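Me: I would like to go through some labels used for a protein model and ask what stands behind each one. Please set every value against its definition.

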Amino acid sequence: MADVIIAGGGPTGMMLAAELTLAGVEAAIVERRRTPELVGSRAGGFHSRTIEILDQRGIADRFLAEGQRVQAAFFGNTKLDVSDFPTRHPYTLGLWQNHIERILAGWIEELGVPVHRGLEVAGFAQDHSGVEVQLADGGRMHAQYLVGADGGRSAVRKAADIDFPGWDATRSNLIAEVEVTEETPAGVRIDEVGIHGLHLMEDGRTMRVIVTERQLGPATEPTLAELGKALTEIYDTDFGIHSPKWISRFTDATRQAATYRSGRVLLAGDAAHIHAPSGGQGIGLGIQDAVNLGWKLAQVVKGLTPDSLLDTYHAERHPAGARALKHTMAQSLMQRADPRIGALADTVADLLTIEQARKQVAGLISGLDVRYDLGDGHPLLGRRMPDLDLVTVNGPLRVFTLLHDARAVLLNLAAPGSIDVGPWAGRVQLVDAAYDGGWELPVIGPVSAPEAVLIRTDGHVAWTGGGTQSGLREALTTWFGPARP
Ligand SMILES: Cc1cc2nc3c(=O)[nH]c(=O)nc-3n(C[C@H](O)[C@H](O)[C@H](O)COP(=O)(O)OP(=O)(O)OC[C@H]3O[C@@H](n4cnc5c(N)ncnc54)[C@H](O)[C@@H]3O)c2cc1C
């Protein structure tokens, strides 16, 4: 019996499994797909904060080695340069989702995460002692907790009877990888129907096609004939499409689970929120859900913290998701060339030339501006800790290196030995270091230098100190459980 069963081995499920494993908890993935390969390219990459999170675990280089660093944070059709943001990764990484998943799969394999492929979670029953996971083939598995990371049509969410309020689709797009016999136009076309484009892939033969359908398409698997029809309606030709590798349909439906937790069952990633892909935030949101939940769930499983800690997962990630969803709704609206919408898009584009407006919106799309409401105090509180270059007795060290093992850090930047982690020493590593550079946060700008910082496992700051330890005990208790002798 695993401690935690994760339904779904997409980016969210794999990241969560890694987080739990690093924390010393047994996590197993149950994945419907028989093979690890994702058919089709799907997402085109992720933004700065996602790269930072991977950097916090020491695996960003694997993705950077294969992807392309580009300035590709968009709001609607307006490109937002993030190169001046104070981060080691002030860019978007262009990398197809099938490669992203392959790299994540390699990592969790190294960590020894069991992945049960070809099995579909159909439902569950839970009581005070655990969860019985019911499989579509009639099998049963048991765990202390179940996480639904099983995508937008989440069976776990449905079985948990969790509401999924939001907005129905108004538009649908077909996305495909096919071959063509005719010349195709370069670039993206935006007209009164929506956004369309054909893009030659790395093999020099396959075309990635995205076309908005004139009428909202049905919720069925699309066919080559439907793709041909949609293309002809826009381009007056279907370009002789043939040999499809992958055809899929996505919409601008936008919904968010009313609660991310129902007892011993939690939701993460697309299972918790769906939205139009405009802006490219889906993978990042799921990865952030996973790193927010992983360490909390691990501590509850180990009995270190009461299970009420799990409620902070919803309290923190639901508002962050809601904000991102609102932006994707606005963005997807602007990917249409209706004259009135065009006027709105032009106005927004004008406004985004204002420095602070650009930073504000780019902060959200890059994921760098996320702040969890941990109360008033230093601007760092609840925000992501910057990856500072520290000097320690053992030499230079980056802050993110300290997070590679997914262990929380109490960083003492004052005189060595001036702060004490006390009975939490087994749960939080105390690091004495010097740092004499500036402190700057994305969107916010320069902030005062704290003398000590408590960094949670997900890289968010839980406490800052300015010469005293006031509030430190409370913060340690809240996040890492009551003190034990
Ligand atoms: C066209 C398009 C472009 C996109 N572009 C971007 C982009 O550029 N950047 C970005 O960040 N995001 C993008 N996205 C969104 C991104 O693809 C998703 O947000 C992301 O895949 C969500 O990851 P996930 O792990 O939560 O869910 P999924 O990737 O959907 O993974 C869920 C997994 O669960 C499995 N599963 C489902 N049901 C069950 C079950 N009952 N039992 C067991 N297993 C099950 C599935 O097989 C799947 O492997 C795009 C999406 C689309 C459609």
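Me: What should I know about the model and its numbering before we start?

Reply: The model is predicted; local features need pLDDT of at least 70, side-chain atom pairs count only at pLDDT 80 or more, and totals for chains, interfaces and linings use all residues. Residues are numbered from 1 along each chain as its sequence is written.

Me: Why is Ser 308 called exposed?

Reply: A residue is buried if 20 or more other C-beta atoms lie within 10 Å of its own, exposed if 12 or fewer, and partly exposed in between, with C-beta atoms placed from the backbone. Ser 308 has 9 other C-beta atoms within 10 Å, so Ser 308 is exposed. Ser 308 sits in the loop between helix H7 (282-301) and helix H8 (311-333). Helices (H or I, at least four residues) and strands (E, at least two) are DSSP runs, numbered from the N terminus.

Me: What makes Asp 3 buried?

Reply: Asp 3 has 20 other C-beta atoms within 10 Å, and therefore counts as buried. Asp 3 belongs to strand E1 (residues 2-7). Contact is decided by C-beta atoms, placed from the backbone, that lie within 7 Å. Leaving out residues up to four places away in sequence, Asp 3 touches Val 25, Glu 26, Ala 27, Ala 143, Gln 144 and Val 301.

Me: How do you know that Arg 42 and Ala 406 are buried?

Reply: Arg 42 has 20 other C-beta atoms within 10 Å, so Arg 42 is buried. Ala 406 counts as buried because it has 20 C-beta neighbours inside 10 Å. Arg 42 is in the loop between E2 and E3, and its phi is near 50°, a positive value in a residue other than glycine. Ala 406 lies in the loop between helix H11 (399-402) and strand E24 (408-412), and has a positive phi of about 60° although it is not a glycine.

Me: Why are the buried residues of H4 said to line one face?

Reply: The buried residues in H4 are Ile 100, Glu 101, Leu 104 and Ile 108. Seen down the axis of H4, they fall within an arc of 90°, so they line one face of the helix. The arc is that of the directions from the helix axis to the C-beta atoms. An α-helix has 3.6 residues a turn, so residues three or four places apart point the same way. On the other side of H4, Glu 109 and Glu 110 are exposed. The cover over the buried residues of H4 includes helix H1 (11-22), helix H3 (60-64) and H7.

Me: Which residues come nearest to the ligand?

Reply: Of the 34 residues around the ligand, Gly 8, Gly 10, Gly 151, Gly 269 and Gly 282 come nearest; a residue is near if its C-beta atom, placed from the backbone, lies within 6 Å of the molecule. H7 gives the most to this shell, with 4 residues.

Me: Where are the domain bounds from?

Reply: They come from an automatic or database domain assignment, which gives domain 1 (2-166 + 255-366), domain 2 (172-251) and domain 3 (389-480).

Definitions and conventions:
Two residues are in contact if their C-beta atoms, placed from the backbone, lie within 7 Å.
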